[in-house]
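Thanks for coming, everyone. Please have the sequence and the model open while I talk. I'll go through it place by place.

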Amino acid sequence: MKGKQTQELRIKTMISIRPSAVAGLYYPARSTELEDLLAKQFDKPSDHIHHHAKALIVPHGGYFYSGQVAAKAYQSLMEVADDIERVILIGPSHRTDFKGIAMSEADYFATPIGSVAVDKKIYPQLSRIKGVETYESPHDNEHCLEVQLPFLQYSLNQFEIVPLLTGKANSSLIADVLGTATQDVKSLIVISSDLSHYLDYETARKIDQYTSQAIISMDNHDIDKFHACGCDAIRGFLEYARNANMSGQIMALSNSGDIVRKKESVVGYGAYLFE
């Protein structure tokens, strides 16, 4: 009986760590190189200071392409680094189709800088929302949440994450989840999304400017997959933001054609702050 109890205790105390899936692809796999790159991307001062960010919308491309855009938003967190305890990370599932919102089973998400704890204290409340379930498969090789973690590790001090991936999810569901997840704790919402995909440079600029104005105007009706890969999370957040009387601004806007010479087919990147 004692041996069985010991085995059950070991099972109960096993810790699940989600390993990095895209280190060495989207960002450096060595911690020193990653920290050096982040330092360079944060080195350029932002024109937007003294903001108490409640939410960010940031891109999830490779750091070479979109890192400086994301850093413009993450810089705003440096002044409130001690105030944020929970980060609700939400973005689109790129590889797995499903309905609703998937929470991760993992206890920690690993990056080359270290592991970030998952705040599972909120899971019972989220699980009571129809359309939300713990479903690990979409998280296994997904990059959209993982690439945000080094930025958060660089910007914040002690924090935990609530990693959420959207399948087919309507705005009301996402707004409900965000409202529940931000209760009773100092929190930050991070929506992970790129903008237009594979348009020519000038067309992409026009479309992304249109999308950016819709975002900061909190008009979620015209934002679809043509405008942003994380459109569901963005639309749901904008419904939540309107109800919470937030205001938004554009922190940075560019596309991959600003980094490389290829202009025929580009991906758009935008960073936005809400307070």
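Start at Asn-245. Asn-245 sits in the loop between helix 8 and strand 11. This is a predicted model, so keep that in mind throughout. Look at the backbone here. The phi of Asn-245 is positive, near 55°, and this residue is not a glycine. Is Asn-245 buried or exposed? Asn-245 is exposed, because its relative accessible area is 69% and the cut-off for exposed is over 50%.

Now a second residue with a positive phi. Met-218 is not a glycine, and its phi is near 55°. Find Met-218 in the loop between helix 7, residues 201-216, and helix 8. Met-218 has 13% relative accessibility, so Met-218 counts as buried. The cut-off for buried is under 20%.

Next, helix 8 itself. Helix 8 covers residues 231-243, which is 13 residues. From the first C-alpha to the last, helix 8 reaches 19 Å. That is close to the 18 Å expected at 1.5 Å a residue. How many of the residues in helix 8 are buried? The count is 10 of 13, so helix 8 is mostly covered. Among the buried ones are Cys-231, Ile-234, Phe-237 and Leu-238.

Now the core. The largest nonpolar core has 82 residues. Which residues have the most contacts inside this core? They are Tyr-74, Val-87, Leu-126, Leu-152, Phe-237 and Phe-274. Helix 8 gives the most to this core, with seven residues.

Setting aside neighbours within four places in sequence, Leu-152 is in contact with Tyr-74, Leu-77, Val-87, Leu-89, Phe-159, Leu-188 and Val-190.

One step along is Gln-153. Gln-153 is in helix 5, residues 149-155. At 18% relative accessibility, Gln-153 counts as buried. What does Gln-153 touch, beyond neighbours within four places in sequence? Its contacts are Thr-111, Ile-113, Gly-114, Ser-115, Val-116 and Phe-159. Look at Ser-115 for a moment. Gln-153 and Ser-115 are 38 residues apart in sequence. In space, C-alpha to C-alpha, they are 9.4 Å apart.

On to a pair of helices. Helix 2 is residues 31-43, and helix 3 is residues 63-74. Their axes come within 9 Å and cross at roughly 60°. That angle is why helix 2 is oblique to helix 3. Which residues make the contact? From helix 2, they are Leu-34, Leu-37, Leu-38, Gln-41 and Phe-42. From helix 3, they are Tyr-63, Gly-67, Gln-68, Ala-71 and Tyr-74. The crossing of helix 2 past helix 3 is right-handed. Note Tyr-74, which we have already met among the core residues with the most contacts.

Last stop: Ser-254. Ser-254 is in strand 11, residues 248-255. Is Ser-254 buried or exposed? Ser-254 counts as buried, since its relative accessibility is 18%. Leaving out neighbours within four places in sequence, Ser-254 is in contact with Val-69, Asp-208, Gly-268 and Tyr-269.

That's my tour. Questions, please.

Conventions: Residues numbered from 1 in each chain as written. Predicted model: local features only at pLDDT ≥ 70, side-chain atom pairs only at ≥ 80, totals over all residues. Heavy atoms only, no water. Helix = DSSP H or I, 4+ residues; strand = E, 2+ residues; numbered from the N terminus. Expected span 1.5 Å × (residues − 1). Buried < 20%, exposed > 50% of the residue type's maximum accessible area, 1.4 Å probe, protein only. Contact = heavy atoms within 4.5 Å. Core = buried A, V, L, I, M, F, W, Y, C linked by side-chain atoms within 4.5 Å. Axes fitted to C-alpha atoms, helices over the stretch in contact; angles between N-to-C directions. Parallel < 35°, antiparallel > 145°, perpendicular 65-115°, else oblique. Left-handed = near helix turned anticlockwise from the far one by under 90°.
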